[in-house]
Amino acid sequence: MKQRSYKIKSYVNASHAVRWESGTGKKHNHTWKIVCELHVFEGMVSFFEIEKSLNKAINALSGQYLNDLPEFQVINPTVENVTEYLFNEIDSILRQKQCCSVTN
């Protein structure tokens, strides 16, 4: 059985301020490097279409002040929570496209 693999590298530049019990921290920027390694074992997959879908999810955060986004109104926009959010978004897209793994 042939395995087809493809890596997609993207970057997310966004700002946030962590919310603490005593208030909100200082607004600052981050750059996240996102690497998706796709493995497909059966049939053909349009990697171009997958990349478009991934970029749509990633670009939704790029250039944004995360505290203002609905996704982070309840969830504190810490680096850990942003990473988990991105993973879940990307994982959902790849499962729809029948790809089997994500690495970062």
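Trainee: Which exposed residues are carried by the face of H1 turned away from its buried side?

Mentor: That face carries Phe48 and Lys56. A residue is exposed over 50% relative accessible area, buried under 20% and partly exposed in between (1.4 Å probe, protein chains only). The model is predicted, so local features need pLDDT of at least 70 and side-chain atom pairs count only at pLDDT 80 or more, while totals for chains, interfaces and linings use all residues. Residues are numbered from 1 along each chain as its sequence is written, and side-chain values use heavy atoms, with hydrogens and water left out.

Trainee: What puts the buried residues of H1 on the same side?

Mentor: The buried residues are Phe47, Ile50, Leu54, Ala57 and Ile58. They cover an arc of only 95° around the axis, and therefore lie on the same side of H1; the arc is that of the directions from the helix axis to the C-beta atoms. Their cover includes strand S1 (4-16), strand S4 (28-40) and helix H2 (79-96).

Trainee: Why does serine 15 count as buried?

Mentor: Serine 15 has 7% relative accessibility, which is why it counts as buried. This residue lies in strand S1. Leaving aside neighbours within four places in sequence, serine 15 is in contact (heavy atoms within 4.5 Å) with Lys27, His28, Asn29, Gln64, Tyr65 and Leu66.

Trainee: Which residues touch the most other members of the largest nonpolar core?

Mentor: Of its 23 residues, these are Val12, Ile34, Leu54, Leu61 and Leu66. S1, S4, H1 and H2 each supply at least two residues of this core, and H2 gives the most, with six. Such a core is a set of buried Ala, Val, Leu, Ile, Met, Phe, Trp, Tyr and Cys residues joined through side-chain atoms within 4.5 Å.

Trainee: What do the buried residues of H2 pack against?

Mentor: They pack against S1, S4 and H1. Among these buried residues are Leu86 and Ile90, both of which are in contact with isoleucine 34.

Methods:
Helices (H or I, at least four residues) and strands (E, at least two) are DSSP runs, numbered from the N terminus.
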